[in-house]
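I opened the notebook on this chain with two items to look up.

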Amino acid sequence: MKQKNQVFNNVLDLIGKTPLIKLNKITSSFKGDFYAKVEAFNPGHSSKDRIALYIIEKAEKEGILNPGDTIIETTSGNTGFSLAMVSVIKGYKCILAVSSKSSPDKIDMLRSIGAKVYVCPAHVAADDPRSYYEVAKRLHQETKGSVYINQYFNQLNIDAHYNSTGPEIWNQTEGKITHLVACSGTGGTISGTAKYLKEQNPNVKIIGVDAYGSVLKKYHETNEFDEKEIYPYRIEGLGKNLIPTATDFSQIDKFIKVTDEESAHTAREISKKEGLFVGYTSGAALQAVKQLNETGEFKKGDMVVVLFPDHGSRYMSKIYSDKWMNEQGFFDSVNIEAAEIIEYIK
């Protein structure tokens, strides 16, 4: 409950009501107006705060969660941090199965907020006993008094955004939004937000962002799960090697794929041109906007909302590290500006 003079009972009161910020420089030559829904303003610095609080409070009301219980989840990092944060405030233990693709920064943050972390190999099949999906299931079976959140197959993931993110964007744009561009991983954010927006105006176009190496775009277009599409990629929290039921494909008009390299550079560009220090998937979302602009998707008068899911501090050892970028081969003749030269005064 919000208190007088902006004094709050705890950090959970700060979840939601994130700002919509106009993008001015990167999209200056594009037709239409472009706004970022900046989810890093949540106290856990990501959109996953919304589902963590919503799902946990729902479980409490239904008597599924009891004092002292353990919350278990599969995560690429952000959902885990949000769950751990909520667990600290509400007095639950938290165990997380994390993909090895998650940045060391994310894993360290999970440990720092009290979660027990199991790091699982990223590039194994979803049904492999070593995958973070299967490890989380096993931990749930072995841990008495535990609740497995299972965000990838949890309808509450969608409901959380239907009840918060969607109404916020509709109100902030005064109902003038024409396009929503959002990354799709579990699919809860884009599905719940899309459902609400389309109920207000069926003509709002919902565009999902997928990664090369993921199966979502082709599944949306053909209803076919194609294992041949699966190969390792670097972006965290985007795309999938399975079909999450938390994705309502009927609410999404189309998908567009982006590359690891271009998404990384676009994230860095957002920081330098817009002053917003954003994560890898935010770069992916704006990279999709760039590609859509090139194909004539937008026209004068359009109001485009781009969802920026998290904060750049979680990627200091990845996209904001020149060493990592060089190791990936992401600096080339096109992107030779690698980094500002640092001079050490002796």
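**Entry 1: a helix pair.** I began with helix α1, residues 48-61, and its approach to α2; their axes come within 8 Å and cross at roughly 45 degrees. I am working from a predicted model.

**Entry 2: who touches whom.** I listed the contact residues on each side. From α1 come Lys48, Asp49, Ile51, Ala52, Leu53, Ile56, Glu57 and Glu60. They meet Asn78, Thr79, Ser82, Leu83, Met85, Val86 and Lys90 of α2. By type, the residues of this α1 and α2 contact divide into 7 nonpolar, 3 polar and 5 charged.

Entry 3: The largest cavity holds about 310 Å³ of space.

**Entry 4: the lining.** I counted 27 residues lining the largest cavity. Nearest its centre lie Ser47, Lys48, Gly185, Gly237 and Pro309. Lys48 had already come up in my list for the contact of α1 with α2. Which element gives the largest share of the lining? It is α7, with 3 residues. I also noted that α2 (78-90), β7 (179-183) and α7 (188-200) each supply at least two lining residues. What is the make-up of the lining by residue type? I logged 15 polar, 7 nonpolar and 5 charged residues.

Note on methods:
Residues are numbered from 1 along each chain as its sequence is written. This is a predicted model: local features need pLDDT of at least 70, side-chain atom pairs count only at pLDDT 80 or more; totals for chains, interfaces and linings use all residues. Side-chain values use heavy atoms; hydrogens and water are left out. On a 1 Å grid over the protein atoms alone, a cavity is a set of points where a 1.4 Å probe fits but cannot get out, and a pocket is an open set with protein on both sides within 12 Å along at least five of seven lines; lining residues have an atom within 4 Å of a point. Grid points are joined across faces, edges and corners, and a volume is the space filled by probe spheres set on the points. Helices (H or I, at least four residues) and strands (E, at least two) are DSSP runs, numbered from the N terminus. Ala, Val, Leu, Ile, Met, Phe, Trp, Tyr, Cys and Pro count as nonpolar, Asp, Glu, Lys and Arg as charged, and the others, Gly among them, as polar. Axes are lines fitted to C-alpha atoms, for helices over the stretch in contact, and angles run from 0 to 180 degrees between N-to-C directions. Contact means heavy atoms within 4.5 Å.
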